[in-house]
Amino acid sequence: MTAVLELVNITKHFPGVLANDHINIDLQEGEVLALLGENGAGKTTLMNILYGLLRPDEGEIRVRGQRCRIDSPSDAIAQGIGMVHQHFMLVPTLTAAENIVLGQEPVWGPFLKRGEATQRIQRLSEDYRLNVNPGARVWQLSVGEQQRVEILKVLYRGAEILVLDEPTASLTPQEASHFFDILRSMVQRGKSIIFISHKLEEVMAISNRITVLRRGKVIGTVDRRDASEAELACMMVGRDVVLRVSGEHRAHVRKEAVASLRNASVVGSYGTYALRGVSLDLYPGEILGVAGVDGNGQTELAEVLAGLRPLAEGEMCVDGRRVPAGDARQQMELGVFYVPAERKKRGAVMNLPLHVNAILKSHHAPPYSRKGILNHRAIRAFTEEQTRHYDIRCASIDVAAGTLSGGNLQKLILAREISSGPRILVAEQPTRGLDVGAIEYVRRLLLEQREKGTAILLISADLDEILALSDRIIVLYAGKVAYECENKGVSRETLGLAMGGALCA
């Protein structure tokens, strides 16, 4: 096989951090190379260098044996390199076709040659089985369809090397299976793919070779046929990892609900209902798992329970008493705490130090303040204790939260929410984007909270996580409860069908 891409001795320093330490990686023509590593292992830095978003301090990039300088995404595209980010870079109000050609529009004078663009997109769609309606607005498309738009966008620009960052994070099992068929079709047509994922079973299913990074270094590259999930996990974190953290699922016992929603409806971002007539109960010492493709009302459900969003219709009750929705301070006083999916945007203030983030929700109360004056000694002592107890790895409690890796930032947020002694914990995508070691840790924390009697609402797009941790499961589709069951013998396939709307009445 011929190397189409080589990263040679790539080194990148940041203040106090060696992010990439003389990394050597090669991608062969017509293969899928999986890239694994803990959060903070250097994967993102490396891919940003490859795509021209960062410059290396040392080393070089070779494309088909030729050394090349990549200073911008335009340079990367010119070399036939395309990147599909985990969080899609699409304009919701534009059509699929307009997003695909954006920046490289075929024009005649000042006019867009729509027919030519549409024909080319349709040819690419047929060649790679990427079925998309070119005229549909992006906000009208499912998550799987939006991902196809992203792939078509890089193919339209002539990419022969594709970098896919966590490409299945928001897909149903059926969509993920179809996506793998698309990747195999692309490889058969000579495309070469770098596949970044934290899902070891997917890496084993789709890759040819696997390169593992740890603390900025290449630990090794192995042939998929010679590897196991346990060995890969050990290479990633440097120790044995329990890959299937799960609790003993409890049969539903009738008891007093600590919180309930009745016929709850919520208006979403586009003026339509994001939740429509949702009813559910949360019980102490139980995990209610909420499955669904992103964008089907999960975030709105979490925000209602956390007091961040008002109800348009219906009611919410805590301890059998009706409470007004949309009052976050009241919900905290009732014992409701929230771990948001967007940890960097909503879970922490990234430019503030750890000791400030640790007491964001309790800064107004003793022992952290008295009569409006902060007790800095108590705040620092609390934060130091939390970093030790939750193994939050940081240079000091004075560093900004934005300097933490994803896993350590999530530990900081969980420490803040759990240390408050929650009666109800709303955990939205608590392990998304985390490495296997951090996933193991977070799942154990959730199970420990369940054992302490906390009622937990677990929202996750990872069906394995839902099945491993939940006692009961509901599936949201188009803002409604499409399916509900005890976690006894239910299959991933059944949940996947419900996530896609196939089981709606």
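Author: Two strands are said to pair if DSSP finds at least two bridges between them. With that in hand, we may read this structure, which is a predicted model.

Reader: In which sense do strand β21 and strand β22 pair, parallel or antiparallel?

Author: Strand β21, residues 424-428, and strand β22, residues 455-459, pair in the parallel sense, over 5 bridges. To see one of these positions, take I424, whose bridge partner in β22 is A455.

Reader: What is the order of the strands in the open sheet?

Author: The open sheet has 6 strands in the order β18-β21-β22-β15-β23-β24, and its pairing is mixed. At the edges stand β18 (336-339) and β24 (480-486), each of which pairs on one side only. On average, neighbouring strands of this sheet are turned by 15° against each other, with direction ignored.

Reader: How far apart are the end C-alpha atoms of α15?

Author: They are 23 Å apart. At 1.5 Å a residue, the 16 residues of α15 (436-451) should span 22 Å, so the distance in the model agrees with the expectation.

Reader: Is α15 mostly covered or mostly uncovered?

Author: A residue counts as buried when its relative accessible area is under 20%. By that cut-off α15 is mostly covered, since 12 of its 16 residues are buried. Among them are V436, I439, V442, L446 and R450. In reading such a list, recall that an α-helix has 3.6 residues a turn, so residues three or four places apart point the same way. After α15 comes G453, with a positive phi near 95°.

Reader: Where is the hairpin, and how many residues lie between its strands?

Author: β23 and β24 form the hairpin, with 2 residues between them. In the turn, A478 has a positive phi of about 55°. Strand β23, residues 472-477, and β24 pair in the antiparallel sense over 6 bridges, and I474 stands opposite E484 in β24.

Reader: At what angle do helix α5 and helix α6 pack?

Author: Helix α5 (residues 143-156) and helix α6 (residues 173-188) pack at about 15°, their axes being 11 Å apart. Angles under 35 degrees count as roughly parallel, and therefore α5 is roughly parallel to α6. The contact involves G144, Q147, R148, I151 and L155 of α5, together with E175, H178, F179 and M186 of α6. The crossing of α5 past α6 is right-handed.

Reader: Is T11 buried or exposed?

Author: T11, which lies in strand β1 (residues 3-14), is buried, with a relative accessible area of 1%. Leaving aside residues up to four places away in sequence, T11 touches L18, N20, D21, H22, P56, D57 and E58.

Reader: Where does S470 lie?

Author: S470 lies in the loop between α16 (463-469) and β23. S470 is buried, its relative accessible area being 0%. From C-alpha to C-alpha, S470 and L458 are 7.6 Å apart in space, although 12 residues apart in sequence.

Note on methods:
Residues numbered from 1 in each chain as written. Predicted model: local features only at pLDDT ≥ 70, side-chain atom pairs only at ≥ 80, totals over all residues. Heavy atoms only, no water. Helix = DSSP H or I, 4+ residues; strand = E, 2+ residues; numbered from the N terminus. Expected span 1.5 Å × (residues − 1). Buried < 20%, exposed > 50% of the residue type's maximum accessible area, 1.4 Å probe, protein only. Axes fitted to C-alpha atoms, helices over the stretch in contact; angles between N-to-C directions. Parallel < 35°, antiparallel > 145°, perpendicular 65-115°, else oblique. Left-handed = near helix turned anticlockwise from the far one by under 90°. Contact = heavy atoms within 4.5 Å.
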